[in-house]
Amino acid sequence: MVGSIGVLAGLGGTAHAANALVSSNPAAGSQLETSPTQLTLTFTNPLGVKNTVTVLCNEDTPVSVGEPAVGPDQKTLVIAVPNPLPKGTCQLSWSLSAADGTPDGGGNITFEILNASSGAPAVPSSSVAGS
């Protein structure tokens with residue numbers, strides 16, 4: 001019986017773990033003086049083309065950001081922030097696709113904007129996520 005279970009288990013497709021976050025800018029839990037001009041997320045594995053991001057700030061208010069673009073390393077998502085994020089706590093959530101187009105996990109980080117921006121947003125410093 002054990003032998004047949006092993007044979008049947010071997011017939012399935014190749015399983016892989018969801019793509020894991022390596023670093024983000026801003027970093028998870030960070031406090032920024034003003035809004036960043038872009039958000040970046042770097043992952044362990046190459047990304048596909050079907051990736052989505054959502055930014056919610058202060059009581060789950062959706063904030064408009066640019067479409068996520070896969071960087072030259074194929075592992076980084078870059079998201080433009082055309083208008084300054086509001087003062088308060090923001091949550092950046094993502095859903096990823098693998099290079100072959102299959103779903104490849106998701107997650108989220110939170111960070112805080114300490115001051116309302118009164119012009120062009122500031123560029124955040126690079127840092128590693130606490131995930």
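**Exercise 1. Which strands pair in the antiparallel sense over five bridges?**

Solution. 
- Strand E3 covers residues 38–43, and strand E7 covers residues 76–80. These two strands pair in the antiparallel sense, over five bridges.
- Leu 39 faces Ile 79 of E7 across the pairing.
- The model is a predicted one.

**Exercise 2. Trace the pairings of E8. Which residues are bridge partners of Cys 90?**

Solution. 
- Start with E4 (residues 52–57) and E8 (residues 88–97). They pair in the antiparallel sense over six bridges.
- In this pairing, Cys 57 has Cys 90 of E8 as its bridge partner.
- Now take E9 (residues 103–113). E8 and E9 are also antiparallel, with nine bridges.
- Here Cys 90 has Phe 111 of E9 as its bridge partner.
- Finish with the connection. E8 and E9 form a hairpin, with five residues between them. Gly 101 sits in the turn and has a positive phi of about 95°.

**Exercise 3. Classify the aromatic pair. Why is the pair of Phe 43 and Trp 94 edge-to-face?**

Solution. 
- The structure contains one aromatic pair.
- The ring centres of Phe 43 and Trp 94 are 5.8 Å apart, and the planes make an angle of 65°.
- Check the cut-offs: centres must lie within 6.5 Å, and planes over 60 degrees apart count as edge-to-face. The pair is therefore edge-to-face.
- Locate the residues. Phe 43 belongs to strand E3 and Trp 94 to strand E8, so the pair ties together parts 51 residues apart in sequence.
- Are the two residues buried or exposed? Both Phe 43 and Trp 94 are buried.

**Exercise 4. Summarise the whole chain. How many helices and strands does it have, and what share of its residues is buried?**

Solution. 
- Count the elements: one helix and nine strands.
- Read them along the sequence: α-β-β-β-β-β-β-β-β-β.
- Take the burial next. The chain has 131 residues, and 34% of them count as buried.
- The accessible surface is about 7400 Å², and 57% of it belongs to carbon and sulfur atoms.
- End with the contacts. Among those with a separation of 6 or more, 66% join residues 24 or more positions apart.

Key:
Residues are numbered from 1 along each chain as its sequence is written. This is a predicted model: local features need pLDDT of at least 70, side-chain atom pairs count only at pLDDT 80 or more; totals for chains, interfaces and linings use all residues. Side-chain values use heavy atoms; hydrogens and water are left out. Two strands pair if DSSP finds at least two bridges between them. Helices (H or I, at least four residues) and strands (E, at least two) are DSSP runs, numbered from the N terminus. Buried means under 20% relative accessible area, exposed over 50%, partly exposed in between (1.4 Å probe, protein chains only). Contact means heavy atoms within 4.5 Å. Accessible areas come from the Shrake-Rupley method with a 1.4 Å probe; for residues, only the protein chains shown count as cover. Rings of Phe, Tyr and Trp (its six-membered ring) pair if their centres lie within 6.5 Å; planes under 30 degrees apart count as stacked, over 60 as edge-to-face and the rest as tilted.
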